[in-house]
Amino acid sequence: MKRLFYLILILFSCLVSQISLSQQTYKDTTRTTEERVADLINRMNTEEKIGQLCFPTGWEMYNKVDDHTVVPSVKFIERMQKAPLGGFWATLRADPWTQKTLLTGLNPELSAKALNELQRFAVEETRLGIPLFFAEECMHGHMALGTTVFPTGLGQGSTWDPELIKSMTEVIAMEARLQGAHIGYGPILDLARELRWSRVEETFGEDPVLAAKLGMAFVKGLQGNDIKDGKHVYSTPKHFAAYGIPSGGHNGQQANIGKRELFTSHLLPFSKVMEAGVKTIMTSYNSIDGIPATAHKYLLKDILRDQWGFDGFIFSDLGSIEGIAGTHRAAPSVKHAASMSLKAGVDADLGGNAYGRNLITALEEGLISMDDIDSAVSNILKLKFDMGLFENPYVSPYDASQIVRSERHKQISREVARQGIVLLKNSNNILPLKKEIGTIAVIGPNADNIYNQLGDYSAPQERRNIVTVLDGIKNAVSDKTIVRYTKGCNIRDTTETDIPEAVRLANQSDVVILVLGGSSARDFKTEYIETGAATITDSGNEILSDMESGEGFDRSSLDLLGDQEKLLSALANTGKPLVVIYIQGRPLNMNNASEKADALLTAWYPGQEGGNAVADILFGDYNPSGRLPVSVPRSVGQLPVYYSLGRQADYVEESSSPLYSFGYGLSYTDFEYSNLEIKVEKGAVKISCTVSNTGDLDGEEVVQLYLRDNISSVFTPPIQLKDFKKIPISKGESKKVDFELTSDDLALYNIDMERVVEPGDFTVMIGSSSNNIHLKGNFNIE
């Protein structure tokens with residue numbers, strides 16, 4: 001009888017379980033997202049809820065068995081059995097910090113298999129079967145093995161081409177999503193107004209309007225029109241907010257900024273990507289006027305959610321919650337810091353330790369409420385349902401193997417690179433060079449170094465996948481042209497310098513192409529702090545790493561390091577035609593190069609196709625159209641030197657103007673501006689002009705519209721970019737260019753911090769750069 005009783009009991013329990021399963025609203029696709037979220041939250045215990053708020057690092061969550069098989073690691077299984085997590089960050093990341101190499105990391109097909117296996121465990125082996133989010137770095141390509149590497153932010157900014165950036169991020173999204181990722185970190189919307197800062201390379205430059213327009217395109221490309229289509233990912237703009245102006249250039253230090261400047265400039269790009277429908281956002285490490293950004297309730301709730309209508313979820317940056325108690329000393333413990341962040345509106349803890357180890361205790365002690373937890377969990381679950389992960393949690397490894405880093409994707413990388421290269425000087429039209437030139441000397445530490453042209457947040461690469469400048473030149477010239485190469489010197493180290501050999505090659509050549517600059521290339525000797533930022537250490541008797549830029553490598557000067565200036569001067573002294581190319585992560589000192597080079601270009605970090613892109617410009621296959629997204633100072637003593645400060649009194653030692661101004665860039669053809677027309681209509685100001693190509697080549701011009709509010713109740717910039725158009729114009733052709741300014745373009749924050757349009761006179765300035773205005777006109781707002 002006992003056996004029969006227990007058998008009946010078991011059968012009854014199974015029946016109840018099946019009935020309960022069939023009544024699980026959260027699995028019912030006919031219900032609204034809100035209904036499904038509410039039902040799921042009601043079924044979750046406290047540990048499961050807090051688990052959804054945690055996004056630890058993911059690269060230790062898999063074991064690579066062989067070239068065909070990947071399985072979940074013991075660490076992953078233990079963490080998921082303890083409390084299923086909301087997701088993982090950087091599971092597919094490969095670099096010296098993660099210690100994932102071409103041998104130990106995963107190719108695209110294995111990456112898709114790995115995330116499928118982790119996802120399968122979450123869906124099939126946990127109590128409620130909640131799928132995981134996988135977040136990946138996607139600033140200039142998905143940071144994983146075998147993906148397409150695009151130019152970094154400054155190169156993207158130099159294109160001044162939102163549609164091209166959208167095309168780029170459509171590729172990035174597809175490559176990440178095909179491998180199983182759901183969230184792509186990027187774009188970087190910080191304004192680069194402190195050029196000593198180590199992360200300038202990641203930004204679109206110094207201007208809020210340029211960053212806003214490119215940022216909106218970036219978000220639209222990543223997210224697409226249908227987040228369920230298996231081709232797109234949620235975009236995570238960062239870092240919110242004012243991260244690009246740290247005191248002394250020290251990464252993550254306080255931003256000493258007034259509220260009006262904060263809203264007018266640094267928050268503008270973030271407010272605009274809200275209009276593009278962005279669904280996740282990341283806080284920053286710094287404090288703003290003393291308040292840690294990751295505990296800034298006013299910005300995160302009052303502004304971001306209540307005023308701007310943001311309805312997604314908010315990430316902390318890695319370790320930034322712990323930084324509230326540590327770096328900023330604004331909380332007595334990490335427990336209190338976690339409580340502050342949650343109540344301020346931070347939903348997801350990147351790293352997972354601050355929330356995972358402290359929120360239960362904080363709840364028991366009354367520092368937070370269950371409503372605080374439920375609100376954050378709801379924000380995260382909503383996006384999982386909206387993406388369709390409960391119905392379609394897996395991806396196709398075969399598709400990943402066939403599509404990631406396709407020829408089409410590489411061509412888009414090349415196009416972004418060549419549109420992002422800026423021609424700064426071209427004496428006597430030395431460029432473009434003839435492909436049939438006799439002998440070319442290619443010299444310099446960045447002429448044939450694959451990692452120095454990729455930038456920070458780049459994965460290890462097979463040599464055949466990267467085209468260096470030397471490679472690109474060899475690809476471009478005729479079979480009869482002789483190309484000779486020597487390095488000359490390193491970026492920083494001086495023990496291997498061989499300037500005499502460089503001079504010898506130069507003297508034997510018809511033209512010298514010198515590739516200098518900086519590097520953000522991490523190596524496996526680099527040490528890191530918990531946030532992943534690199535640390536600068538004494539190398540002893542070892543050869544110095546080239547790395548002088550990239551997260552954690554702040555500078556006290558902007559000088560070329562090592563023997564690079566000596567190399568440049570020695571080659572200039574040969575009297576041979578000298579073309580100098582900077583590959584760099586911030587605007588380094590160009591005074592010597594500007595004086596002695598016959599032609600000068602900056603390619604920033606141009607990505608995997610950078611060498612081909614440079615060659616396209618050197619030999620005339622592409623007419624340069626890049627324009628500076630950031631001003632190039634004459635010295636570090638000029639900082640800050642961003643253009644919207646206007647003209648300043650000169651220093652005792654030198655001019656106050658930058659060496660090269662924001663918006664500047666040369667072409668192989670010439671453009672003329674005429675026929676400025678301004679019409680004030682109800683709710684808009686319509687402006688037009690005519691731009692003519694008066695040169696001998698087809699080209700593209702970036703027409704830049706600046707504005708000045710002549711008299712206002714508070715200070716406004718004497719010149720401020722409001723719009724721009726990049727247009728192709730054939731030789732001999734003229735095109736009408738139309739702009740429309742809305743009331744928002746004319747508005748300011750008045751003395752009471754109200755955003756208003758004040759009556760009065762405005763000056764319109766249209767030009768080819770911020771310091772080269774061709775047309776001026778005025779209009780009046782009654």
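Start by selecting Lys 335, which is buried at 18% relative accessibility (buried means under 20% relative accessible area, exposed over 50%, partly exposed in between, with a 1.4 Å probe and protein chains only). Helices (H or I, at least four residues) and strands (E, at least two) are DSSP runs, numbered from the N terminus.

A quick note before the next stop. You are looking at a predicted model, where local features need pLDDT of at least 70 and side-chain atom pairs count only at pLDDT 80 or more, while totals for chains, interfaces and linings use all residues. Residues are numbered from 1 along each chain as its sequence is written, and side-chain values use heavy atoms, leaving out hydrogens and water.

Next, select Glu 701 and Arg 627. Their closest N and O atoms are 2.9 Å apart, forming a salt bridge. Glu 701 lies in strand β23 (residues 699-709) and Arg 627 in the loop between α23 (610-618) and β21 (671-681), so this pair ties together parts that are 74 residues apart in sequence. Both Glu 701 and Arg 627 are buried. The salt bridges in this model number 40.

Move on to Lys 272 and Glu 275. This salt bridge has its closest N and O atoms 3.5 Å apart. The two residues are three apart in helix α10 (residues 268-275), separated by about one helical turn. Which of them is buried, and which is exposed? Lys 272 is buried at 18% relative accessibility, whereas Glu 275 is exposed, with a relative accessible area of 57%.

Keep Asp 744 and Arg 755 on screen for the pocket stop. The second largest pocket has a volume of about 940 Å³. Of its 43 lining residues, the closest to the centre are Thr 264, Leu 268, Lys 722, Asp 744 and Arg 755. For the search, a 1 Å grid is laid over the protein atoms alone, and a pocket is an open set of points where a 1.4 Å probe fits, with protein on both sides within 12 Å along at least five of seven lines; lining residues have an atom within 4 Å of a point. Grid points are joined across faces, edges and corners, and the volume is the space filled by probe spheres set on the points.

For the last stop, select Ser 198, in the loop between β6 (183-188) and α8 (208-223). Ser 198 is buried, at 0% relative accessibility. Its side chain reaches the backbone nitrogen of Gly 552 at 3.0 Å. A polar contact of 2.9 Å also joins the side chains of Ser 198 and Asp 554 (a polar contact is a pair of N or O atoms within 3.5 Å; within protein, one must be able to donate a hydrogen and the other to accept it, and residues adjacent in sequence count only if both atoms are side-chain atoms).

Conventions
Salt bridge = Lys/Arg side-chain N within 4 Å of Asp/Glu carboxyl O.
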